Structures are given as structure tokens and as C-alpha cells.
Amino acid sequence: MKTPLALTTAGRPDGTAVVTAVGEIDLSNVDAFTAALTTALAGSRTVVVDLTAVEYLDSAGLNVLFSHAPRVEVVASALLGPVLAISGLAELTTVRGADGGPLAG
Amino acid sequence: MSGAERIGRRELAFPGGGEMSRRMREHPWAQTPMGDPGTWSAGLRTAVRICLTSRFPMIVWWGPELRFLYNDAYMPLLGTNHPATAKPGEQVWSEIWHIIGPMLESVMNSGEATWSEDLLLPLSRHGYLEETYWTYSYSPLHDDDGAVRGVFTAVSDTTERVIGERQLAALQDLGAQAGLARDAAEAGRLVARSLGRAAMDVPFAAVYLRRDGGDDLELVATSPADAHPADLPDWPLQEVLAEARPVTVTDLADRAPRLPSGGWQAPPTQAVLLPLAGETGGRPIGVIALAASAGRALDAAYHSFLALVARQSAALVNAARAYQNQQRRAEELAELDRAKTTFFSNISHEFRTPLTLIAGPLEELRSRPDGTGAGGSEQLEVIHRNALRLGKLVNTLLDFSRIEAGRMQARYEPVDLAAVTAELAGVFRSAVDQAGLVFEVDCRPLPEPVRLDRAMWEKVVLNLLSNALKFTFTGSIRVSVRAEGQEAVVRVTDTGIGVAAEEMPRLFERFHRIESARSRSGEGSGIGLALVQELVALHGGSIGARSREGEGTEFTVRLPTGTAHLPAHSLAPAGEPRGVPAAAEPFVQEALRWLPQGDGDEASAALPSPVRAQATPYRTGGGPSAPVRVLIADDNADMRDYLTRLLTSAGYLVSSAADGLAALEAVRRDTPDLLVSDVMMPRLDGLQLVAALRGDPSTAAVPVLLLSARAGQEASIEGLDAGADDYLVKPFSAADLLARVRANVELARLRSHHASWRTALIDSLQEAFLVVDDQGAVVETNAAFTDILGYGPEGLPYPVPHPWWPDRARHPQAHRQAREAFTGLTDPAEGARVTPVTHRDGHRLWVAATFNRVQEQQGRELTVGTFRDVSAEHYALQRDTAVAALSVRLAEAAGVDHAIRGALEQFRALWQARQVLAVTFPEAGEPTVAAAGAGGAAPRWDTLPAEHRARLETLRRGPLLTAISEPGGTAGITVEHPGGLLALRIELGENRPFGAEDRTLLTLLAGRLGQGLHRTHQIDQHRETALTLQRAILGPSRLPDGFAVRYEPAGRPLEVGGDWYDTVALPDGRLGIVVGDCVGRGLQAATVMGQLRSACRALLLQEAGPARTLMALDRFAALIPAAMCTTVFCGVLDPADGRLTYASAGHPPGILALPDGSIRLLDGGRSVPLAVRPGHHRPEAGCTVPARATLMLYTDGLVERRRRPLTEGIVQAGGVLDEGRELTVDGLATSVMARLAPRDGYEDDVALLVYRHPAPLDLTFPADSAQLAPVRGALRDWLGRCELDHPVAQNVLVAAGEACANAIEHGHRDAPGRAVRLRAAATAEHLRLSVTDSGSWKPPQPGRDPGRGRGLILMRALMQQVTVEPGAAGTTVEMHTRIAR
């Protein structure tokens, strides 16, 4: 059984693709996450990854973000703040809070 | 109602998917008196729902017919009666209705609950007919209107308790047999008899013991006792014996189909054969076969019971065997003692006679101016002969002591045995010829030389020949040498008087003299043949004897040829041929003296012919009268000569006889004026001679003077009792003899007038006699005085202080006693007073002295005293006292080490020793040392001086129970210790001698100590057995997570008590927790404890709640006499949220240690102890155990101390609990027990139960990423129960997730699906987490696998400490973080 994760991809008016994840991301469903991100990146220069409704993100999920770091922008809740900060992702790409401001980590 | 509707309702009424739920749903209720379930009362519906959803066997009996409704769990108990849905109860349980029917009726009528306990139900639930016990409780079921309409029955399985208690009783019964058996076989029979009373658990038993240390097993006893040997199975006994481990026989039904079944329906099918362990871990002493009841599975618990039976049995057999050994040893010691006494008696005779004969002639020689004179050379001959005899005797004794000490230096050279033996025999020829015997020497040459030590061989042959000559009066003596097979055989055959059959076994026994009717001489020490046997054994040979009384005796010596049987270093090349050895002369000389022709002696059996006196005959009175005639009776020719010469020269008319019979004939023929007779003579000894004379009126008046070498009062009394007139002890002086002869002749004349005076005189002469002047100086003594004290008349007078007083400085008390006895003197009313004195040679004596003041004619006051030597009595008394004191100490000892310490103290006091050491040498490992008397630190084996260690090692290798003393003032002995050997070493005070009496005393005490240690060890073992059982009853073997328990019996005297703890998993997931304490100790308390514990368990399982459980227990306890006043803390804990409801029956409050360091007492819900006020209401209290808090329940033994309020102990316990809040629960329990223990151990037993909330998390899941989410869910839950701050919880969750992902991805990349284990535990301030997989991680290689590195980085960043332990069996990640408070 895979960890429940809902992924939706939408386009912004400016053409930027937005991948929204709801649930938890771990080793078991990271492939789906990778696929969604890869598909979105194929049609868009940069992709906003909205993790606001993600309660858990492990290093498998982080790896995906790292491998596309220059072209993704991450939106997340405070819950993921420490993980994103410690992993160093915040230094490679833009990480914002749900309110658009910087994410406390 | 539609069908679907009906089914829906039925599912509501009969929930669950079990068989009974289905059957009940399908049951045509409408056709029964119970009617459709829709019409049932709410009470019945609830009861049925509870019944069907419970995992415990339950029954609902409903309505006037008690219709029978039950659940799946009850089905096996119903056996073939199932299915019985809604049948009337009487039809279902017709066979036991007479029991349960009335019980059910009473519940229906009274509305009061009742129960039936421990019903035996043979069940076939595991594929065999099983012995099971059940307790049924019956509670009323009310209808909606409140009337009792049914009964609810919960059933609990009490099999384990019933059987456990029965086995406990069986083991106690077995233990109670201790000390009854006097030998091993009897112990075996007692074991069997005891097991016969435990047939339910051991339907059949057989005890086999090893025969005399061999591997041969002997069937000693069976249970039942009448088992026919033919029915016994063919057990693999030797296998058990050889490997010293149990063997289980599973095909018993085939091997022995007719074995008794022990009351069960079927005969046993399995048995366990167990070795009976030897005393000190040595080889098994036997095997016990124990059949297992067919009614029970032979599981681990059964095995351990059987093992305990075997252990108890072995202990009984060992104890009996030890008793037997001690008994035998005591008998051997007594026998040895007797032999020693006989020996010394004989040997003193042997020494004294030659001494008299040397001293007498010498005295005469000295009295002549030129030292020669007419009889000079003849007398010198006498001296020479006797010197030879004495020398031979001394040499023989020396040989013996050399052999004894293993110091005999042998030199085995190749010898022509025939030639050497013939030559030795030749030496005896003249003596044999003179005796008128035929002497045959038949020594044929042997094919090869025989290895001999010549000097030893000479002694063998000479002793045998001398022996033959001594006892042969007619016929022949024959010596032969032959080769027989690989042996050289030498035979010495005579036609003498022979040896009685009953004496044959003791022929070669040391110091044993065959009391024969007739021999050429009464002389002999009884060691000649014993020495011969030892000497032959040194040659690797053997000696045997055949004899027939009155026909003769044949001795056969067999010597092996070759050299293989001899030690290589003792072999020597052939020596120079030698002539007749010097050793032969004393033998021949001695033999010649036995013979009548030897020196022209006229006597032997011939008529005594008077010898005319050469000097003026002695005459009685003043006027002319007949010369006085004296008859001398003595078997020693020299002595006869000497006495004849002496008395003749004094003017007596002397005749002589060579033995008692000849003397008797002579007296009868011609009555002499005085008979001077030796005591020890062949044919008729001196005492018998006197008795014969006194028995005949015509000779009754002949005065008799007995001469004997036997010193001592007893011997003289014996002589005087026999009717002798006087008694003279050898050696005596010529003057002494003449004085006595004269006195006796005079006395004989005066006898009628002076009989009483004479008696008084002799009495005083037999004791030491002394006269003390008014200054206290001893001015006169007698011979006995000199004998006893060593101070002779030459030293007179002896002024105060007398030299025999004990040294004033070293023995002040003894000195004072002696001074008072010898100077304070005279209170005749006191009678004899016992005082210590010192012999001239320094040894200590005890004498009983009596003094009388007399007025001398000149008016001077003198004191006359007599005393006798009572040392033997004194030491015997001292020994008895010391042994009794040691026995008391040993009886009080609580354990082997304690017993040793007590004994050491006593030894030290007894010998005023500087130090006493006891070193225990175990079978393996370092010796342990106990000491008494040494100041400073107790010595250890490795701190003892090397010299002491070496001496102790020597002691250890020596024989058991043999006291030795060493120069330098130490004594030692070894005894058996239950764990090996115990060596005792006593460092005596300065110059303290260690004499024979001390040795005897030490041996006795050590023997008693050995017995005491053995007994103490047995008691220890019994206690350990009881403790094992207590622990087995206590269980539970599987504790719920988060709990730790301890049970510690009281220190000394250690007895199991009535404390218990218990945890019960309730059907709803909650836990019952109980700690209780029954009054009293021992088996009764343990039994009551078992009953209360079971009852409490059953009540909690019925979800009664703590207060109601205790109220029900009140009623239950009121029925059991010893259960009164039991205290109990009973709680129900929800492990999910920490909510606890509890009630206490007079029990100390539980203690709660909170994470913030504060302590709370659970002192609500309190009421009186059990059964004090049955029926009264009990309160209940509630609280929540906060996250990371620790709960501790205990019995008062943990905190109660003498002279200290209980509250103080509780506060102290709270402190220890708080300080341990960072330990694991198990570590915490250990710490509490250790830190609260008094110095000498707990005085009362202690039960302890510790719980920390929440219980640690322990998850095992397959290595599959799909598991990650559920595992995370469980962890999230658990972290919630730990009440961690949200961010901390998230950090832990992520770190744990990374570790789990790693385990799945890397640990099991090649083997997906294998197990990963996640464990987490929280203490007050810390959280520890570990993830274990069974794979191996490769070290992370940054760059190649950046994702992996990221996981570790996350873990390290989120937790305070992370360690990765790769191992062969798997990798473990340990993480640890501090939880903010």
C-alpha cells in the first residue's frame, strides 16, 4: 500500500506550472511525485511545488526537489521548515511560506 | 417484520462471527420457551452480548429451566455435549447436576453470587485427554423488573494453579524425608514412597543407584512399590549415566504398555530419565525414571518439576550416603583407636621385659668391684640377647613407619631367589632341630632371577619361619620355592596349631594378635605378618594363607618376575653375593630362647625341681624353721633365670615353671610359700592361674605376687581383682622385688590380722603418693608418682613452687589451680580435686588429688596426698564440651559460609590461636579464604604468603580428616565441603604444643564441621527449591510492556513469604495491576497467596473494577483462616491514556514519580485490610499517570525498617524512584531493590511492580516502503502519548522515518520483505529510538548516492545523537534526543 498522496498540476496565468501535493511524501510514493514534477517541467520553465498540505516529506522527496532545484520553487507550511532548512534546499531554490513570506525554519 | 429485518436484529442480539453467534442467530427461538430474541429483556440481551463477545468461557443460564447459552470459548469444556444451544441446563450437565444444580438454584432464590472451585474436567482440546481444572462463578441475572431470572457464569482456567500447588506439596513431601534414611537404598525407597503419594504428577517412578561406585545400576525402588520388574521398560539408563543429562522417552506406550496410570484415564506415554547428581558435582550417583501423566503435556514446566524431583531425590540419597560414610568413618576411627591401644599395651610389654633384664644384670654387675665375676659373662649374654630383641623390635617398628610414610627406600636387584631363600632357611635349621621338628627346605632353581630388595626379603622369610616355629610343637616346617607361570612362589608350611577360621580375615591385620591356645611364647607385638604383607606388596607380589585349626598353616608368597611391576628408579644391578645377614641373628636367638634346650634351662613343661639355696636360706621369724619356698612362673627363660638367681641368693628355696599350667600343677603337687608369676604366659596366663588357685580350697591361700609389664591402674586392679596379693610393675629393681617378696611372705602370715591395713596400703601404693611437710615441700613420693609426673625420689625434697605446677606466666589460671591443690590443700569434704600439672617432659596432665593432714609423732604436721592421672577423662570431657558447642554453632548457622565463620571463631578460642584460616578449594576456580583472629583486612587467596599457600595445597592433597601439625606451631586438617574441599589451618599461640589429644579433638571437630556444612548446604538447597517454586507461581512469565517486577525473599532465616504481584490483561485492553502481602511466612502463606492471587485475577477478569474486586476478595478471604488481614493494592490501568482507578486494602500507597521531579502518593481509595469487615463498602480512587511518569507498587518489606516510621521509608523510596527516572524500567526496578536493601538483606520479603507510562513502542514490520505510512502513524500516536512538544515530535518522526527508509532501501535491497524493528522508549527527559534491520549498510559514498547522505544528515540534525552500528547480523541505528521539559 502506498502512502496516500494526491497530486494535481495546474497552470498559472503566467504559464508557470503549479504542482500541488496533498498528503505525505516518502519512499513509497516518491515515483508518483517525480513523475508529476517531470511532466510539469516538460511544459514549463519553472514549476512551483506547493507542499502546503504535505505533512511529511522525507529525503526521497527532497532528492527529487534537489535534482530539479534550479527550476523549482517550493511553497510549504512551517511543519516542513526544519527539513527544508537542514537539507540545504532553501539555499538552492526559493522556499516560501503559504502566505508568500519566507519560511521560518 | 421482514426476513431481512429479523436477521438484522439477530445480528444485533448475537454479535460477532464466531460459531456460537452463528448458531444462536440460526436458532428457532420462537419455538422455545425463551421466545424470540426481540422479546427478551434488556438484561438478558446484554448478558448474551457480553457472553458472545468475550474471549473467556462464559455461560448464561436463563429462565426456570436454566436454558443454556454459551460462547465459543466454552465449547471445548462442553466436549461431546456441544451443541446444546438453549437446552435446559439439567440436560446439558446431567452428570454433575447434583453439584451445580443446587448452586444455581441458590443463586436464583437468594440473588447472591456463589462459585464452585477447581472442577476437574478431562478435556480433549489439544489432541489428548487433558487434566484441566476450572473455577465457575455464578452471579444472578436480573430481569428488567429486578427479579432474578437467570445466572451468569464466568469460567476461569485454574489448571496451572491447582497442579502447581499439588506439585509444591509433592516436593515438600519429598523434602520432608530428609534425615530419615540411613543408607542410600533406604533413601531411594523413601523417594519412591513419597512419589507414590504424588501419583497424579508421577504415575510411575523407578530409582536406580550405582553399585559401589561402578557403572552397574541397581533398581532400588519403584513407585508404586508393587510394580513388577517384568513390566519395567528397557530404559536407556547407561546413556543418562554417561552423559549426565536427562533423556526423554517418548515411546513409553510401546516399551511398557502396562505401567500404572496414576489415577488418570490413560497410562503414561512419556517419561524422563534424569541423572541423580553427585554430592559435589561429581559423577551421577544414579538415575531416576519419572513417568509423566498422560493427562498433561510434557512441557517446560513439567520438565522443571521433574528436574526438581530428581534434585530433591539426589539430595536425599546423597545425605543418606554421607550419613553412612560418616558412620563408617567413625567406626573405623574407633577400630583404629582400639588397635592402637592394644598395640601400645603389647609394645610396652615388649619393651619393658627386655629392659628389666638389661637393667637388672647391669645393676648386679655394677655392684661388683671388677665388673665381671663368676656370672659376669653369662649375664652379659643375657644383656646381649635382650638388646638384640629390642633392636629387632625397634627396627620392625621403624620399617613400618617408613612404609606408612612412603619413605621405604627399596633397591631391587636380580637375585637367585631359590638360593637366597634356602640360605635364609638354613639359618633356622638348628632352632628347628632343637625343637624336635622336621625341617624340609625344597628350593629348586628358577629359570630366571627375581628382582628383590634383599634386606626386605630377609625379613619376609625370617618372620614367616619364626612364626612357624613359634606355633608348631610337633611335625614339620617346610620351605619351598617354585616357578608358577610368570610368578615365583615361596611357601612356608607348618604342622602347628593352625588358625581358627574366624580369625583368618584378620591374620595380616596390623597390631592384631591371634589369641591362640598355645604357643612357644606369649611374646609378640602383632606386627610381624602385617610387615611381611607390606614388604611383599612393595615387590608387587601378594601373600595368602591357608590354615586349619590343629593341622597347620601354609603361607604362600607370589612374586612377579621381570621388572615391569617395579619403579624404574629403584632397579639396581646384581650386587655381591652376601653371607648370612646380620638381621637373621635376633630371629634365631629369639627362637632359641623359646626352646627348652636353648640354655640348659630345666623348666618348660618339666617338673619344677627345687634349687638349693647357696646362701643362708631365708627363714620366717627368728627361730629355726623351714626355708621359705618360692615358685616362679614365667615364659621368658631369661626372666626365670634372673629371678631364680636373685631369690636364691637371698636365701629362698626357688623352683620355676615355664607357663601357667605347669605352675598350677606344681602348686597342686607341692604348695609353695609364695608364687611369683608373670601375667602374660602361654597356655594359662597369670590372671587365670590366680583364678584357678583361688577357686581350689587347697590352694586358695597361696600368696601370689604378679609381675607385669602392663602399667596403669586398670591392669593392677585387674590383677588384684583376680585375687593376687600384690602386683609389681616391670621394670623393677632387685631391691624392690626382694622387698615385695619379703613383705608378702610376712603379710601372708599376718593376713588375718592386718587385712584392712594391707588393703589401705596397696590402695595408696597404686596411686601416686606424696608427703608434704609444713613448709609445703614434698618430702616423700612413690613409684607411681614418678610414673605420672616424671619427678623421681632423687630430686626430693621439692620445695614450693613445685616444678610440676604449670608455668605461672603462660598459664596463670592453671598455675593457680595447681598451687591451691598442692598447698591450700585439705578440705577433705571436697573429695578429690582435679588440677592441671606439667610432666617433667613438658606435657600437660590432669590429676585428681586427695590430701589428708596427719600429726606426726614429733608433733610436726604433715600432709599425705594421693593422686591419679585423669587426663584421659579430662580430655574426653573437654572434647564433648567442644563438640557440643560446635554443634550448637552449626545448628544456628544460616548458610555454609556462616557455619565456617562460626567454626573458625570456636577453633580460635579453643586453641587460643593467633589466626585460623579456612580455605575452600572448589572443583574449579580460585580458592576462597575465611579467617578468624587476624586483625586488618580479611586475607584472600592471592594475598596469602606463598609459603602458606603451598602448605595449604599440601594439606588439600592429603587424606581427609587427618589432623597434622607442622613445626613452627601450626596445625591443619581437611574436610569435605559441599563445593569441594575445605582446608583448615590453625596458627597456634607461641610455643603452644599440639599433642595427640589436640589432634583427636581437631579431627572430631572437623568431622562434625563437615557434617554440619553438609546439613547447612542441604537446607540451602531446600530453600532454593522453595524459592524456585515461589517464583514459578508468581510469574507471569510474560509481563505487559512497560512493566518490571521483582520478588526478593527475606534475608535470614530465608523463607518464602506471602507477598505477590500480578498483572492481568483484561478483555478490553486495560490492565489489572495487583500487589499484595499475606500475613506470615512459609508454605501456608505461599498457599494463601496463591489462592488470593487466583481469586483476584478471576475477579478482575470479570471486569469488576478495583473496589468491587477487593470487596469480593473480602468475602473470599473470610473463608480462608490465614487470609485475614492480607493487604492488597488493586488497580486497573488504561495503557492508552494512563488512566488508573485503584483501591487499597490497608496497603502502603503507590508512588508516582513525575517527569518534573515531583512525587505523588496514590493514597486515595483506602480502607482496611482484607476480611476485617467483610461486606462493607470500599472506596475507589482515580488518577492519571502522566506521560513519562513512573508508577511504583510495593509491599511494606521494601520500606519498613525497625525503629523508623513507615512514611520515612516511603519518602526514601520516592527519592530513589525519582533519581532513577532516566533508567529503563528494568534498570529502575533493580536500582530500587539494591538501594533500599538494608545491609544484611531484607528482613521481610518484598514484591515490587514498576510501570512507566507510556510503555515503550516496539514494532516489527516487513521491509517494504508501503509500511512506512502505517509505522509513522503508530509512532505519531505513541509520541502523542508521550506528550512531546509538536516540533520535537515532528523531528523524531522524520528522523525515525529516515532510519526506516534506509533500513528498507539499503538494509534489505537484496531481500525485500525481511523484518525491520523499530523501538522507542521515553524517560522523564530523554527519548531513545532504535531501528534494526538484518542487512548490512554500505558506507555512504557522497556523490554517488547523494540521497542516502541526505537521510543521515537529516537524522543527525534532528536528533542529538545518532550512531550506526553495522553488524554481521544486521545494522542498528540508535538515536537519542533530550525532551524539553
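Mentor: Strand 45 and strand 46 (residues 1315-1322) of chain B are antiparallel partners, joined over six bridges. Strands pair if DSSP finds at least two bridges between them. This is a predicted model: local features need pLDDT of at least 70, side-chain atom pairs count only at pLDDT 80 or more, and totals for chains, interfaces and linings use all residues. Residues are numbered from 1 along each chain as its sequence is written, with chains lettered from A and ligands numbered from 1 in the order in which they are written.

Trainee: What is the bridge partner of B:Leu1257 in strand 46 of chain B?

Mentor: B:Ala1320.

Trainee: What is the strand order in the open sheet of five strands?

Mentor: First, the numbering. Strands (E, at least two residues) and helices (H or I, at least four) are DSSP runs, numbered from the N terminus. Here the order is 45-46-47-49-48 in chain B, with antiparallel pairing.

Trainee: Which are the edge strands?

Mentor: An edge strand pairs on one side only; in chain B these are strand 45 (1257-1262) and strand 48 (1361-1367). The twist averages 10° from one strand to the next.

Trainee: Which helix packs on the sheet?

Mentor: Axes are lines fitted to C-alpha atoms, for helices over the stretch in contact; angles run from 0 to 180 degrees between N-to-C directions. Contact means C-beta atoms, placed from the backbone, within 7 Å. Helix 32 (residues 1268-1281) of chain B touches strand 45 and strand 46 of chain B. Its direction makes about 175° with that of strand 45 of chain B.

Trainee: How many helices and strands has chain B?

Mentor: 34 helices and 49 strands.

Technical notes. Contact = placed C-beta atoms within 7 Å.
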